[in-house]
Amino acid sequence: MSLLQELGAQLRATSEELPTGPVTVAREKLTSATELLNWVRQTSVDPLGVPQLGNAVEAVERAAAALRLAQEAIAQYLAAAGLAAGEGAAPPEADYKAGLRPQEAEAVATETQPAPEELGPWWSRRVAELTGEAPPAEPAEPRNGAGDTADLLRRVAAGVRSGDRARVGRDLHQVNAATGLGLSAASSPVLHRLAGDLLGHEPRPEDLKRLQSAATGRVKSLLPGTPPEVLDTLLARICRAPAKNEQPAHPADSAVTASVLTGVLLARLGRDPETLDPSRPEPVRSPNVDA
């Protein structure tokens, strides 16, 4: 191997080893954390670290852009040196693992995949406790949209409407912790609007008992392992009433209960979960709807 070829091989190896994957994962996790904290801020005037997270997201985006520029610069240098078409020369966006045999690719993926393994079992164990539905023996392949929190909210609501607790459990087991925890933020404005439509006016503190009567039994039947104070706290927030229990709930408890409560209110209103758009919650309607 000539000195030029050796240099080209070292540059290609350096390009492939740049941590673009971990930086992308870090950006996604920081974005999810920002969304969750924005939801928490609805009940607090304290910024709770959201500005700092915003700065972190901006920094990691700059890092990702710098890594892409570095890969492009290496590719251009190799092309100028006449090495771009050589064996092993791949464009910056190519994944070197694609050329491995299946067994090798599986081994490399096990070594290099970032931390869903650390979050997945934690989330799945808690979902099993809340729903009473054990996780699947073998993790299912994520279906289209399984990583989308809005799509997950619609699927959970559809399971609630059919009264199928097993289906609700399967859908919640199918996603990772970051997607599941996003249910808290996605459902918050939707719950307020659905409760308003059910009541016929903006929810008020005096409406708390009415909403509890309308939702508690159905939520409890679908989430037998959920502490009752979690639902009471969610309903109190909807009605802008003080919560009796000030102890912070397990984050998965709030997320899962909020998604099931969304399905219960949709069912009480006779609405199709497929029409649900968490980014554009429907306005409160003026006609009174009996609960």
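Which side chains meet in a salt bridge at 2.8 Å, N to O? They are Arg 271 and Asp 197. A salt bridge here means a side-chain nitrogen of Lys or Arg within 4 Å of a carboxyl oxygen of Asp or Glu. I'll come back to that pair.

A word on the source. This is a predicted model, where local features need pLDDT of at least 70, side-chain atom pairs count only at pLDDT 80 or more, and totals for chains, interfaces and linings use all residues. Residues are numbered from 1 along each chain as its sequence is written, and side-chain values use heavy atoms, with hydrogens and water left out.

Now the overall picture. The protein has 11 helices and zero strands. Helices (H or I, at least four residues) and strands (E, at least two) are DSSP runs, numbered from the N terminus. Of the 291 residues, 36% are buried. Buried means under 20% relative accessible area, exposed means over 50%, and partly exposed lies in between, with a 1.4 Å probe and protein chains only.

Next, helix α8. It covers residues 177-199, which is 23 residues. From first C-alpha to last it reaches 33 Å, close to the 33 Å expected at 1.5 Å a residue. The expected span is 1.5 Å times one less than the number of residues.

Where is the kink in α8? It lies at Ser 187, shortly before the proline Pro 189, and is about 40°. The bend at a residue is the angle between axes fitted to the seven residues ending there and the seven starting there.

Look at both ends of α8. At the start, a side-chain oxygen of Asn 176 reaches to within 2.9 Å of the backbone nitrogen of Thr 179. Just after the helix, Gly 200 takes a positive phi of about 90°. And the surroundings? In α8, 19 of the 23 residues are buried, so the helix is largely enclosed by the rest of the structure.

Helix α6 is next, residues 149-162. Its 14 residues should span 20 Å at 1.5 Å a residue, and its end C-alpha atoms are 20 Å apart, which agrees. Here 12 of the 14 residues are buried, so α6 is also largely enclosed by the rest of the structure. Among the buried ones are Asp 151, Arg 154 and Arg 155.

Back to charges. Side chains of opposite charge can pair when their charged atoms come close. How many salt bridges does a search of the whole structure find? Nine. I'll show three.

Start with the opening pair, Arg 271 and Asp 197. Arg 271 sits in the segment after α11, Asp 197 sits in helix α8, and they are 74 residues apart. Both are buried.

Second, Asp 253 and Arg 126 meet in a salt bridge of 2.7 Å, N to O. This pair also links distant parts of the chain: Asp 253 is in helix α11, Arg 126 is in helix α5 (residues 116-131), and they are 127 residues apart. Asp 253 is buried, with a relative accessible area of 2%. Arg 126 counts as buried too, at 19%. There is a third partner. Arg 126, Glu 129 and Asp 253 are linked in a network of salt bridges.

Third, Asp 272 and Arg 161, with the closest N and O atoms 3.9 Å apart. Asp 272 lies in the segment after α11 and Arg 161 in helix α6, so the pair ties together parts that are 111 residues apart in sequence. Are these two residues buried, partly exposed or exposed? Asp 272 is partly exposed at 36%, and Arg 161 is partly exposed at 44%.

Stay with helix α11 for a moment. Ala 252 lies in it and is buried, with a relative accessible area of 0%. Ala 252 and Trp 122 are 130 residues apart in sequence, yet 9.5 Å apart in space, C-alpha to C-alpha.

Most residues other than glycine have a negative phi. Arg 240 has a positive one, near 60°. It sits in the loop between α10 (228-238) and α11 (251-269). Arg 240 is exposed, with a relative accessible area of 56%.

To close, go back to the model and find Arg 271 and Asp 197, where their side chains meet. Then follow α8 to its kink at Ser 187.

Definitions and conventions
Polar contact = N/O pair within 3.5 Å; in protein donor to acceptor, adjacent residues only side chain to side chain.
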